[in-house]
Amino acid sequence: MKVGLRCISCILNRGYLQIQEATDDKALQFKTLSAVLSFLADGFKPTANPAYLGTKRDRLIRKITGNPDPYKQKKQLSNKKALEVVPLAKSIISQETSPELRFRKACLSAIVGNIMEFDLPDNPFKFSDLEQLIQQAEYDLALDEIPQIFNKANNAKSVIYLTDNAGEIALDTLLVQELTNLGAHVTVGVKDGPILNDATLEDAKTVGMDQVADELMSTGSDSVGLFPSECSDEFLELYNSADLVVAKGMGHAETLTELELPVPHALLLRTKCSTVANHFNVGTGKNIAKLLP
C-alpha cells in the first residue's frame, strides 16, 4: 500500500502530538519537529509506504526527545478500558453454539478493538463508544471474508497472530481462544519495543494473553506493521512455516500488501483513514476482514 496525499497531514499531525507527549521542553519540541519535517521532505513520495514513514518518524522522535514510550500512559488506560468490555464481547461469543459462529463473533470483537488508536484525524475515538461498537460490529462490516478465514483456521495446525494496539489486544485474547479451540497452536507476536500505542510483551501480559496463547513472543522489531527484514530469525522461522497468519490493524495491512506472502494472511482491521479505506474500496469507520493472497 502506498501513501496518499491525505497521509502527509496525518503523519505530521501524529508527529506533532507525539512530540508534545514526549517532552515539555519547547526548544526540544522545535528541534524534534524540524527533524521530522526534514525527513518527510525527502521521504514523502508517491512510492512511499505509510507504515515505513510512521516507523521512521517515531524512531526519530524517541531518539531526539529521549522519551522511549510517549504513549505509555494512554496504553495503560487503553488496557484498563478494554478489559472492562471484554465480558460483553465474551457474552456475545458464548451465545453461539457452532464453532464457526463463535469464531465470527470473536473476529468482529477483535476488529472493533482496532479502533483504539490515538491522534488520527479521521478516527474520533472515545472509550465510551466501545460497547456500542461491539454490539453493531456486524452492521459496520464492509468487507466480509470471515467464512474463508474460518476455513483456513479450521484446517490450520499452526497460527501466527500479529497484534496491533494496546487495549485492542484484550479483545484479541477472545479470538486467540477460539483459534486454540479449533485445534491450532497459536503464537502471538507483539512489538519488540514501544512504537505509537502498539502492544508490547508488557501489554500482552497485562491483559492475560499469555494465559490463552500457546506461545507469546516479540517479532524482534518495533516497526509499525511488519517488515520481515527487521524481524528476528526465531520469529521468521515460525512466521514462514505457519499455516495461517492473522494480522491486526492498518499498519499490517499497509505493509503486508507490499509483500509476497509465504502463507495465507487474514487482515482484520478498522478503516481509520481514507488511504486505507480507499485501498479496500470501502468507507472510513468500517470493519474489514480480508484474506490474502
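The structure is a predicted model, in which local features need pLDDT of at least 70 and side-chain atom pairs count only at pLDDT 80 or more, while totals for chains, interfaces and linings use all residues. Residues are numbered from 1 along each chain as its sequence is written, and side-chain values use heavy atoms, with hydrogens and water left out.

## The chain as a whole

The protein chain holds 13 helices and seven strands; here helices (H or I, at least four residues) and strands (E, at least two) are DSSP runs, numbered from the N terminus. With a radius of gyration of 18 Å, close to the 19 Å that the globule rule gives for 293 residues, the protein chain is as compact as a globular protein of that length. The radius of gyration is taken over C-alpha atoms, and the globule rule is 2.2 Å times the number of residues to the power 0.38. Taken along the principal axes, the C-alpha atoms fill a box of roughly 60 × 40 × 35 Å.

Of the 293 residues, 56% count as buried, where buried means under 20% relative accessible area, exposed means over 50%, and partly exposed lies in between (1.4 Å probe, protein chains only). The protein chain exposes about 12,200 Å², and carbon and sulfur atoms supply 50% of that area; accessible areas come from the Shrake-Rupley method with a 1.4 Å probe, and for residues only the protein chains shown count as cover.

Among the contacts in the protein chain with a separation of 6 or more, 74% are between residues 24 or more positions apart, with contact meaning heavy atoms within 4.5 Å.

## Cores and a covered helix

In soluble globular proteins, nonpolar side chains tend to be buried together. A nonpolar core is a set of buried Ala, Val, Leu, Ile, Met, Phe, Trp, Tyr and Cys residues joined through side-chain atoms within 4.5 Å. The largest nonpolar core has 57 residues, of which Phe-103, Tyr-161, Leu-175 and Leu-179 touch the most other members. If residues up to four places away in sequence are not counted, Leu-179 touches Phe-103, Ala-153, Val-159, Tyr-161, Ala-184, Val-186 and Val-246. A second, separate core of 28 residues includes Ile-160, Ala-242, Met-250 and Cys-273.

Met-250 is also one of the buried residues of helix α12. This helix, residues 249–256, is mostly covered, and eight of its eight residues are buried. Its buried residues pack against α3, β2 (158–162), α11 (233–241), β5 (244–248), β6 (265–270) and α13.

The table sets out the relative accessible area of six residues.

| Residue | Relative accessible area | Class |
|---|---|---|
| Thr-32 | 0% | buried |
| Leu-141 | 13% | buried |
| Asp-119 | 18% | buried |
| Thr-47 | 60% | exposed |
| Asn-281 | 71% | exposed |
| Thr-97 | 78% | exposed |

Thr-32 has its place in helix α2 and, leaving aside neighbours within four places in sequence, is in contact with Ile-19, Ile-61, Ile-64 and Thr-65. Thr-47 is in the loop between α2 (26–43) and α3 (50–65), and Thr-47 and Thr-65, although 18 residues apart in sequence, are 29 Å apart in space, C-alpha to C-alpha.

Leu-141 belongs to strand β1 (residues 141–144). Apart from neighbours within four places in sequence, Leu-141 is in contact with Arg-104, Leu-108, Ile-146, Asn-287, Ile-288 and Ala-289. The C-alpha atoms of Leu-141 and Glu-168, which are 27 residues apart along the chain, are separated by 17 Å.

Thr-97 is placed in the loop between α4 (72–94) and α5; from Thr-97 to Pro-194, 97 residues apart in sequence, the distance in space is 39 Å, C-alpha to C-alpha.

## Backbone details

Asp-119, in the loop between α5 (99–113) and α6 (130–135), has phi near 70°, a positive value in a residue other than glycine. Asn-281, found in the loop between α13 (274–279) and β7, has a positive phi as well, near 60°. Finally, the peptide bond from Leu-292 to Pro-293 is cis, with omega near -5°, and Pro-293 lies in the segment after β7 (287–292).
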